[in-house]
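Have a look at the model first, then read on.

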Amino acid sequence: MPEEPWASHRGFKDWASTIVTTIVNRLVTAERALRTAAPHQLLDAVRRVLTDQYAADSVELYLADYGLTVLQPVSVPPHTLQPLPVHNSPAGRAFGAQEPYVETLSGGSGGSGDSGDSGDGVRVHLPVTVRGDRLGVLTVTLPGGEHAGGCLGELAEIAEVLGHEVVVAERDTDVYLQARRRDRLTLAAEMQWQLLPGRSCSRPEYELGAQLEPAYAIFGDNFDWSATADRLSLYVTNGMGEGIEASLLTNLAINALRNARRAGLPLADQAALADQAVYAHYRGRCYLSVLMLDIELATGRVRAVDAGSPRLLRLRRGAVELMPFDAQLPLGMFEETDYMAQEFVVEPGDRLVFVSDGVYDAASPGGEAYGATALARAIQSTRLLRAAEVPRAVLRELSGHRGRTVPDDDALVVCLDWRGR
């Protein structure tokens, strides 16, 4: 009987070195193929690599739609696949849990990291995520579970590289933005989605998630965030008006806030500069409500400016409370308004939930506002979910409160889970 590779120390080292070299070469090949592919051909590039290097039978990319209800296939019409539900589908499980999910194609139930029976074909669903921003799922069909189990880590890494390349490619092609659309966006919604930083992000100190509804017809509500090595800036805005006019107002205010932030101005001065920019254009006819936070990552110390209607609720040790702020004037209501920052401290384990008045004041068919009690109940019921999943879950509960009542305002939810250092 021939000697096994591990029968001698030297033989084992040679065998292990060969395995490591093979893995590295395959990953380098995949990364090079993605980085050199034309922006609109990333799926073709990753499909070739996974077919050649991993014997994949098929490779598909699905991106989450704007409403976070389905995973839309990236494909060229008319040869398109059916969308997959975010809930109650194998790909949706990988998207929600942010872990690979292996689906056995001929018997067995599959599971996170489960390789299935060695003789079965398997479909591996891999989250495509960039720094916590959940883009979608890469689905790879492989000839056998044993083969899949041996390369699951490599496939997950390739899916992550693909996500980074999709984000870069979106500067040069509309393919991936078009793939996300279950329906047509209004012009106001197009402007708002292009203004957003993403829908979720994650760092060791915190995790963020956000969602806007109606996803395909939003106009005035918005959120923005930016982080450095030491600080996190977070804005939640609610612009007055409807349609394109509300979107134009929000675009002006957000870019004024970014301009002041990037100039290194403190929070209160950022608000003052944006206030002047909005007032100079609208002369008080239109204005914008904003809740602004600046958080020190090392200490959890928060400076806040509350200029209008967005609300902040804190979940701490099982109790939900509405954070009290001194109300200040919305941006652009009057000329040269002075703003003052208030301070508080977030503790590790705190969850902060921001909502616009389209959530807080949403009416039931009987005219009853959603309000603090129902909102606190929704925050409690979603406490076990990750921050990225909370906004959509709260908005589903809000939809149940409204019933068939047509919403007359945008609804925005942002969730911040604070871990601290």
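## Overview

The chain has eleven helices and 18 strands; helices (H or I, at least four residues) and strands (E, at least two) are DSSP runs, numbered from the N terminus. This is a predicted model, in which local features need pLDDT of at least 70 and side-chain atom pairs count only at pLDDT 80 or more, while totals for chains, interfaces and linings use all residues. Residues are numbered from 1 along each chain as its sequence is written, and side-chain values use heavy atoms, with hydrogens and water left out.

- Of the 421 residues of the chain, 51% count as buried (buried means under 20% relative accessible area, exposed over 50%, partly exposed in between, with a 1.4 Å probe and protein chains only).
- Among contacts between residues at least 6 apart in sequence, 66% join residues at least 24 apart (a contact means heavy atoms within 4.5 Å).

## The largest pocket

- About 890 Å³ of space lies in the largest pocket. Of the 25 residues that line this pocket, the closest to its centre are Asp 133, Val 167, Leu 196, Pro 197 and Gly 198.
- A pocket is an open set of points on a 1 Å grid over the protein atoms alone, with protein on both sides within 12 Å along at least five of seven lines; a cavity is a set of points where a 1.4 Å probe fits but cannot get out, and lining residues have an atom within 4 Å of a point. Grid points are joined across faces, edges and corners, and a volume is the space filled by probe spheres set on the points.
- The elements that give two or more residues to the pocket lining are strand S7 (133-142), helix H4 (145-169), helix H6 (187-195), strand S8 (200-203) and strand S10 (221-227). S8 gives the most, with four residues.
- By class, the pocket lining divides into 13 nonpolar, five polar and seven charged residues (Ala, Val, Leu, Ile, Met, Phe, Trp, Tyr, Cys and Pro count as nonpolar, Asp, Glu, Lys and Arg as charged, and the others, Gly among them, as polar).
- The largest pocket lies between domain 1 (13-105 + 120-179) and domain 2 (187-418), because both give residues to its lining; the domain bounds come from an automatic or database domain assignment.

## The cavity

- The structure holds one cavity of 30 Å³ or more. About 50 Å³ of space lies in the largest cavity.
- Leu 68, Asp 133, Arg 134, Arg 199, Ser 200 and Ala 388 line the largest cavity, a set with two nonpolar, one polar and three charged residues.
- Domain 1 and domain 2 both contribute to the lining of the largest cavity, so this cavity lies between them.

## Strand S1 and its partners

- Strand S1 (residues 58-64) is mostly covered, with five of its seven residues buried.
- S1 pairs with S7 in the antiparallel sense over six bridges (two strands pair if DSSP finds at least two bridges between them). The bridge partner of Leu 63 in S7 is Gly 136.
- S1 also runs antiparallel to strand S2 (residues 70-73), to which three bridges join it. Tyr 62 stands opposite Pro 73 in S2.
- S1 and S2 form a hairpin with five residues between them, and Leu 68 in the turn has a positive phi of about 55°.

## Glu 389

- Glu 389 is found in the loop between H10 and H11. Is Glu 389 buried or partly exposed? Glu 389 is partly exposed, with a relative accessible area of 23%.
- The C-alpha atoms of Glu 389 and Leu 68 are separated by 9.5 Å, although these residues are 321 residues apart along the chain.
- Beyond its neighbours within four places in sequence, Glu 389 is in contact with Gly 96 and Arg 134.

## Helix H10 and strand S17

- In helix H10 (residues 371-381), the buried residues include Ala 374, Leu 375 and Ile 379. The buried residues of H10 pack against several elements, among them strand S14 (311-316), strand S17 (351-355) and helix H11 (390-402).
- Five of the five residues of S17 are buried, with Arg 351, Val 353 and Val 355 on one side and Leu 352 and Phe 354 on the other.
- S14 pairs with S17 in the antiparallel sense over five bridges, and Leu 312 stands opposite Phe 354 in S17.
- Five bridges also join S17 to strand S18 (residues 411-418), and these strands run antiparallel. Val 413 in S18 is the bridge partner of Val 355.
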